[in-house]
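Me: I've got a model open and want to go through it with you. Can you take my questions one by one?

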Amino acid sequence: MAIKYVEKKGRVFVPTKKARELSLAGQDVYKKAAANRVKFWEELAREGIDWIEPWHTAYEQKGLKFGWFKGGKLNLCYNAVDRHLDRPDKTAIVFVPEDPQEQVLRVSYFELFKQVNKAAALLKQKGVKKGDVVAVYMPMIPEALVFMLACARIGAIHSVVFSAFSPDALRTRIKDGGAKVLITTNYYYRKGKKINLLKQANKACRFIKIKKLIVDRKKVGKTFEKMHDVIVKPESMESEDTAFLLYTSGTTGKPKGVMHAVGGYTTQAYWSCRYVFNLQENETMWCTADVGWITGHTYACYGPLLNGATTVIYEGLPNYPKPDRYLKIIEKEEVNVFYTAPTALRMFALAGTEYTRKYKMDSLKILGSVGEPIDEATWMWFYKNIGKNRCPVIDTYWQTETGSAVIMSLPGIGPFIPTYAAIPFPGMDFDVINEKGKKVPAGKEGLLIQRPPFSPSLIRGVWKNEKRYKNYFDKNGDYTAGDGAIKNAKGWFRILGRSDDIIKVAGHRMSTAEIEDAIASLRGVVEAVIVGREDKLRGMVPVAFVKAKAGLSEEDVIARVVKRIGPIAKPAEVYFVEDIPKTRSGKMMRRILKTLLAGEDVKNVSTLINPGSVKAIGEMIKDRAKRKARCGEDWEMILEREKSNGKEK
Ligand code: WTA
């Protein structure tokens, strides 16, 4: 009989007695942490991580610069791989190729150790040294993780670039990071098609001096077969040395390289994975995120490996070739923790419950959601149809900058409430303030901040850009997350989404400014504005308003965005407008465009220099909406059905 981990209590879900007993965090974890936050983290760091040398100062902050475990020395790769060699045959990575006919690959910890050492030796041969940046442009194959770990082993800084980013986007990131070597793959499979990644990589590297290491997809798992066994000593890293860089979108057109520190990241990645997913050594976790994003870094690679558990990585689309592919993987690989994004869940829900009904998935114990707010209907769908009313849905809120999950209900502790990420991880202090920096009353909307001492895996810097790092902090010296939130009377947080010009498209983080810059680079474009519009399936989609000379088409605009950034940033709609609503001071009024896109009327246009533009754009939007009226009907139906089901219970 499958274990029941949750039960309903009024409007919330709470852990069962069994789940409480199984909790790795323990019922008193918040109390323990609150007593002394720095001490709490010190204890975790000591207990969970192997250090080469102990630290002398647990937390230090000077102005906006802070650090954890100063003086301590460790190696991330050693903690993720070497220290599990007492169980050499335990599977570290399960690689599921997209083609169901291709064999699933299982990489043991010993095999991973051997491969990582060989990869580290290869990097050294290429001249890579401690502190050098290595760009990784790879699909979800084990070699991506192997090279990331190899970088960590020798103290090189990996900068992983999502494989669906365009050559232009890759080039920008290689150049900003000053990467010495690029690791890539000749091809991979997506929706049954071979995607030629090397062609993209070559395009990106034209006119750039960079060495390349190319993994042959055909030889996946056997890349290092011909090399002699070697052992490369793990570099002794200072706790505050940079572990890796990950480019993410900000509010300007240029992506920023978010820097993470070895000590804090290793500690928090390990413990968050253990507490948030109650993950144990003998268990299997499947985080569906690509390693190109922070979620893939922390919960597909480092978190599970630091914990000595098994991580499942899957090359392709979760609903390829049929909608039940992901269910099959969960069942066959006996996945215990399934961690995915609301967008994926909405897509799964569209296929109906005909598929989910056929799978028991008794191995599952925890479901996780990340990347964007999860609406109640999707939460309930996940809970019922995948979790079979047994498993908690852990809505984890975090960011590239926080490195690990920071707000969520812990399994075995709860409560689990649809639409509430709920409680800051033990030892962290979050709050909601207004624009003046004052606390807002409980239940009122405001801006999410974190107070010092900051969480160990929080951003330490923006690569070569101190100013952008400083911008994260408000005048009180608190870290500003850039998200709107509500904290209720019980102290539970509800995340409302970005409060700045970043949009989450199908969970992918995009900068409106970056898309605007791409469009503005087209000849004939006078001005372009991108606004996020709510979308039932993808959460948000970018919509473009373009003022251009005649002759440009919607396709031209889309093609340019795909070239500069990648298909993920494609505008869902392009409106060629005569004028973009502006104030007298020339400020483009995105808020007005958002209102119009939401199908609402704009009342006050008196501050505008060109009020006529509002009416004209409003009509264009309405006209298009009429034509598309029948789209999205399926999803509406599901939403309605789930809502009424929820009420019946
Ligand atoms: C959003 C992804 C609501 C949020 C780990 C944040 C969420 C941005 C949640 C960071 C959640 C992430 N509920 N919103 N559970 N998780 N977000 O850097 O807007 O790709 O600021 O990191 O995703 O996106 P990023």
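Me: Which residues come nearest to the ligand?
Reply: Thr 400, Asp 483, Arg 498, Lys 504 and Arg 509 come nearest, out of 17 residues around the ligand. Around, or near, means a heavy atom within 4 Å. This is a predicted model: local features need pLDDT of at least 70, side-chain atom pairs count only at pLDDT 80 or more, and totals for chains, interfaces and linings use all residues. Residues are numbered from 1 along each chain as its sequence is written, and side-chain values use heavy atoms, with hydrogens and water left out.

Me: How far is the polar side-chain atom of Thr 400 from the ligand oxygen?
Reply: 2.5 Å. For Asp 483, a side-chain N or O atom is 2.5 Å from an oxygen atom of the ligand. For Arg 498, a polar side-chain atom lies 2.7 Å from a ligand oxygen.

Me: How much of the ligand does the protein bury?
Reply: 98% of the 530 Å² that the ligand exposes when taken alone. Those accessible areas come from the Shrake-Rupley method with a 1.4 Å probe.

Me: Which elements give two or more residues to the shell?
Reply: α10 (294–306), β21 (393–396) and β26 (493–498). Helices (H or I, at least four residues) and strands (E, at least two) are DSSP runs, numbered from the N terminus.

Me: And by class, what is in the shell?
Reply: Six nonpolar, five polar and six charged residues. Asp, Glu, Lys and Arg count as charged, and Gly is among the polar ones.

Me: New topic, the sheet. What is the strand order in the open sheet of seven?
Reply: β13-β10-β8-β9-β15-β16-β24, with mixed pairing. Two strands pair if DSSP finds at least two bridges between them.

Me: Why is one side of β13 and of β24 left without a neighbour?
Reply: β13 (211–215) and β24 (461–462) stand at the edges with a single partner strand each, so one side of each has no neighbour in the sheet.

Me: Is β9 buried or exposed?
Reply: Buried on both faces. Ile 157 and Ser 159 cover one side, His 158 and Val 160 the other. Buried means under 20% relative accessible area (1.4 Å probe, protein chains only).

Me: What does β9 pair with?
Reply: Strand β8 (residues 133–137) runs parallel to β9, with four bridges. Ala 135 has Ser 159 as its bridge partner. β9 also pairs with β15 (residues 242–248), parallel, over two bridges. There, Leu 245 is the partner of Ser 159.

Me: And what about β15 and β16?
Reply: Antiparallel, over six bridges. In β16, Met 259 is the bridge partner of Leu 245.

Terms used. Buried means under 20% relative accessible area, exposed over 50%, partly exposed in between (1.4 Å probe, protein chains only). A polar contact is a pair of N or O atoms within 3.5 Å; within protein, one must be able to donate a hydrogen and the other to accept it, and residues adjacent in sequence count only if both atoms are side-chain atoms.
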